[in-house]
Amino acid sequence: MTSFDARLRLQGRIGFPLGVVVDLTEQSLRVRAGEKELANWTLDEIRIASEADGYHIVAEGEEVILNVTDSARFAVELGAIDFLRRSG
């Protein structure tokens, strides 16, 4: 598991950044604020797109935007997971 500090915003809502930690594994993406788990999705149930304002994640009919502190490392981890899932 790799963890990343990030800011979470809801699509279409300005001024709602929340400090979160994103835990990424080969199977799932979990978002938590302190001890509270906000989301825990398998990678099969979400869509992730890198856009100019952050990583857009669509899950369960909702869209959130993550601004990851180390976005380059997050992109590398996502790419490696995608590669492993396609070749496995």
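1. A definition to start: two strands count as paired if DSSP finds at least two bridges between them. Strands are DSSP runs (E, at least two residues), numbered from the N terminus. With that in hand, R30 in β3 is the bridge partner of D23.

2. On the source: this is a predicted model, in which local features need pLDDT of at least 70, side-chain atom pairs count only at pLDDT 80 or more, and totals for chains, interfaces and linings use all residues. Residues are numbered from 1 along each chain as its sequence is written, and side-chain values use heavy atoms, with hydrogens and water left out.

3. The sheet is open and has seven strands. Their order is β4-β3-β2-β1-β7-β6-β5, with antiparallel pairing. The edges are β4 (36-42) and β5 (47-51), each of which pairs on one side only. From one strand to the next, the twist averages 30°; axes are lines fitted to C-alpha atoms, and angles run from 0 to 180 degrees between N-to-C directions.

4. Look next at β2. It pairs with β1 (residues 2-10) in the antiparallel sense, over seven bridges, and itself spans residues 18-24. D23 in β2 is the bridge partner of S3. Five of the seven residues of β2 are buried, meaning under 20% relative accessible area (1.4 Å probe, protein chains only).

5. The other partner is β3 (residues 28-33), which pairs with β2 over four antiparallel bridges. β2 and β3 form a hairpin, with three residues between them.

6. Now the largest pocket, with a volume of about 210 Å³. A pocket here is an open set of points on a 1 Å grid over the protein atoms alone, where a 1.4 Å probe fits, with protein on both sides within 12 Å along at least five of seven lines; lining residues have an atom within 4 Å of a point. The volume is the space filled by probe spheres set on the points.

7. Which residues are closest to the centre of the largest pocket? They are L38, A39, W41, E62 and V64, out of 13 lining residues. β4 gives the most to the lining, four residues. The elements giving two or more are β1, β4, β6 (54-59) and β7 (62-68). By class, the lining has nine nonpolar, one polar and three charged residues.

Conventions
Nonpolar A, V, L, I, M, F, W, Y, C, P; charged D, E, K, R; others polar. Buried < 20%, exposed > 50% of the residue type's maximum accessible area, 1.4 Å probe, protein only.
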